[in-house]
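Me: Take me through this structure. I want the criterion behind each label.

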Amino acid sequence: MTPPVNLSVVGSAVIYLALVTGVGIWAAGRTKSAKDFFIAGQKIGWIVTAFATMSAAFSGFVFMGGPGLMYRVGVASLFICIPVGFTSGFLCWVVGKRLRLLAGLREIYTVPDVILVRYGSRRASGLAAVAVIIGTIGYLGAQIQALGILIEMVFGTRAVLGQWSLPAAMILGCAVVVFYATAGGMVAGVYTDLFQGILMVAAAVAVFYYCLHSGGGLEAMSRSIVGSEVFGPSHLDPFGTLPVMTAVGFFFVFAVGLLGQPHMLHKFFMLSDPRALKWMPLVIGLTQSACVLIWLGIGLAVPALVAHGRMIALVNPDQAAPQFLLSFTPPILAGMVFAGVLAAIMSTADSFLNIGSAAIVRDLPKAFGRRVPNEFFWGRVAVVGIAGIAAVFAFLYQDLIALVGTFAFGTFAAALAPAVAIGLNWRRVTATAATASMATGMVVNLGLEFLSKQTFLDWLPSVSLKAGVLPAAVSLSASFTVLLFLTWLSPAETQPDLDPDVEFVMDL
Amino acid sequence: MARRSALLFLGLASPAMLVCGWFEGFVPELSFVLLVMAFPAALIALAVARDGKLGPLCLPLLALTLMLEVCGIAMLLLRGQILEAPWFGGFPVAAAIQIYGLWLGPLLLVALAYGLTFDHWELREEDLRRFDARRNRSDGNTEG
């Protein structure tokens, strides 16, 4: 990738990094307990929570990878992001209210905490913690890697540092996130997320305007693409370039699988008042949809410009966003978008640092019947530790970490969504069914994804599913199937005695 | 009734989706689309039903399910017909259905249905009173 060293971009990035560091320093003074550190003291209002949920959900992929994917496969790629139209309300209805109410009655900081209280099973909770740690390393490693690549590109460090450029850039980016995540915990996390979320929305809306402007409007861009020899009509056919099973599988995994994403569920524990849920879906839905405009806008504008001969065809589709920004938007906006991408990556990374440290310091010890004496202190240590592990993996096993990062969403979805979403809404679900469902989701997803994509171990068999069927969709369906059927098959005498608080919350 | 129907659907749809993945052709694709599009509404119905009823959410959930199903089927039937089909809102109709029908339509429907029914269905004043009373009683109980 050609480093687009540009003063506006560098200036925006420097200002952005300074601002989030400032938020970390401010938040450090407000973080005095484990509750502050892990769930921001449960004092966060609805607008901040909504923005934090939105910005944690969207990584840099929406800003850079999405437009590139749309350049490659057309509107079929939108099946990944268009579920945002209804997923915020879906999330609040299915799990949001009960998670928040439960967190008001019990000491709940994490999803494995919820599993422990709901099922009364340390085995189920421990398995959830393992899923969280595996997914966290993957997600976090991928974010750190993306952060390094972006910083390297913005500051043009490769020309100066050569082979040490990427590790140096990864260390710089990682140091900033680790600083504010360690000092200010989730207080810093949510307030940087608020700032990052506003930046992401503003950048996406402004870029969409420039997309429409440069391409001559939606219909002009669409007609250029349809009439082009390079792209053609299939580019604007929802099922034109990907098999139906893949496209609709994306829709299924990114809609229903959201119910198992710990970085999203975690935000409900922080909400100061359950009444604040009322307009959260509207704010989350609108802000997420605003961010998706960059995917749609650049995804339409670049092929249209290529079709018109105003841009040369891209060799690497991931260049779609940077090329468009540097050629068709004012430098200040390009700088703002690069800062927005940094924001998107960091907001996801800080959520995972917090969740990962909680899994190590709280969830795993509790699964073995132990408590760490000073969770606040050890939580901070664990943030540094987990960032270090993820960064080392990201640097040493660059291909592997990218692979793990891509299927982390599916791992969380398949492992946690049925146990949380059905378990909080149906009394009959047993700990055995939940444990079996989580194990099925994790093993099937990791097994299928790894065997179908890995190239590291030649002797392992390859697995290919039929007609573009997604491993994540298979594992999520399998996990739901196991949970529902094991529950139905459980004899009446094995029905769980629910914790009174859980029973109360499920009644509301 | 709503909860039972939702559970029955989820229990049948989950393995059926797995089965769809084993076969190729229009029928498995159509079945997969139909099952996937109804899955979110079934989960919502399971969560929001009170005494087996969906109350004011019955119509919005029905509308959401119909919207997703109709859009899914329409996109499938319009596959490969971009040049012949009419245009709407700046896109060939199949893409317009995807963008306006699957993304922007549900955005307003779901968010407004959630907000407007919140106080008298999702979390009523009496629920909050019971919750506050229980929280006050259980203060001090911090064992997770």
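Reply: Helices (H or I, at least four residues) and strands (E, at least two) are DSSP runs, numbered from the N terminus. By that rule chain A has 20 helices and zero strands. This is a predicted model: local features need pLDDT of at least 70, side-chain atom pairs count only at pLDDT 80 or more, and totals for chains, interfaces and linings use all residues. Residues are numbered from 1 along each chain as its sequence is written, while chains are lettered from A and ligands numbered from 1 in the order in which they are written.

Me: Why is chain A called as compact as a globular protein of that length?

Reply: The globule rule is 2.2 Å times the number of residues to the power 0.38, and the radius of gyration is taken over C-alpha atoms. For 508 residues the rule gives 23 Å; chain A has 22 Å, which is close, so the label holds.

Me: What makes a residue of chain A count as in contact with chain B?

Reply: Two residues are in contact if their C-beta atoms, placed from the backbone, lie within 7 Å. On that test 64 residues of chain A are in contact with 55 residues of chain B. α5(A) gives the most to this side of chain A, with twelve residues.

Me: How many residues of chain A are in contact with A:V420, and which are they?

Reply: Leaving aside neighbours within four places in sequence, A:V420 is in contact with A:V95, A:V111, A:V114, A:L259, A:G260 and A:L265.

Me: What share of the contacts in chain A joins residues at least 24 apart?

Reply: Among contacts between residues at least 6 apart in sequence, 85% do.
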